[in-house]
Amino acid sequence: MKKQTSSTQNQNSIKKGCLIYMIKVLFICHGNICRSPMAEFLFRDMIHKHHLEHKIQVASAATSQEEIGNPVHPGTVHKLAQYGISTKGKYARQVTKADYANYDYLICMEAWNLQEIRRILPSDPAQKICCLLDFTGHPRDIADPWYTGNFDVTYEDILEGCSHLLEHLKAKL
């Protein structure tokens, strides 16, 4: 796992005279309809259950333009609904150059996403870009259920990655 070195990792906000540090996470996959929204909403649920909404923000985006404006894939919607997690209101969007400045972590689902993100963000001086399962003891790609049809395996991998990511971030708070 790469460590962040930038002193501008985050835009801090001022609230009632106090400095509040918000960690911002952007999950990234190819189309932003299967894996990255699954990670976004699962992680958002984990953050809520740990009462960390005021310290961690999360979103997701695509490396491609193929699905821009489309809702979350029904397989992801169904899988997350099994755990009481809604994706209502989420529509695919593409990563932008501005996202590098706006997020502390840009977390891809697989090595191919890393290659694709380099087209949009060719430089990573703050070492913000990595893969989700890099946070685990068993780094690997998360299979795309668009192709495999197996949303269960994808969910288990994302759950594993998000659990380790949450522990990593809690240590920084």
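Predicted model: local features only at pLDDT ≥ 70, side-chain atom pairs only at ≥ 80, totals over all residues.
Hi everyone, let's start at helix α2, residues 74–81, where Gly75, Thr76, Lys79 and Leu80 are buried (under 20% relative accessible area with a 1.4 Å probe, protein chains only; exposed is over 50%, partly exposed in between). These four lie on the same side of α2 because they span an arc of only 125 degrees around the axis, taken from the directions from the helix axis to the C-beta atoms.

Residues are numbered from 1 along each chain as its sequence is written, and side-chain values use heavy atoms, with hydrogens and water left out.

Now the overall picture. The protein has 6 helices and 6 strands; these are DSSP runs, H or I of at least four residues for helices and E of at least two for strands, numbered from the N terminus. Of its 173 residues, 52% count as buried. Contacts here mean heavy atoms within 4.5 Å, and among those with a separation of 6 or more, 75% link residues 24 or more positions apart.

On to the inside. Which residues touch the most other members of the largest nonpolar core? They are Val25, Phe27 and Phe43, out of 34 residues. A nonpolar core is a set of buried Ala, Val, Leu, Ile, Met, Phe, Trp, Tyr and Cys residues joined through side-chain atoms within 4.5 Å. Two or more residues each come from β3 (23–29), α1, β4 (56–62), β5 (105–108) and α6. Beyond its neighbours within four places in sequence, Phe43 contacts residues including Val25, Phe27, Cys162 and Leu169. Another core, of 15 residues, lies apart from this one, with Leu26, Ile28, Ala59 and Val95 among them.

Last stop, Asp157, in helix α6. Is Asp157 buried or exposed? It counts as buried, because its relative accessibility is 12%. The side chains of Asp157 and Arg140 are joined by a polar contact of 3.0 Å (N or O atoms within 3.5 Å; within protein, one able to donate a hydrogen and the other to accept it, and residues adjacent in sequence count only if both atoms are side-chain atoms). Leaving out residues up to four places away in sequence, Asp157 also touches Leu133, Asp141 and Ile142.
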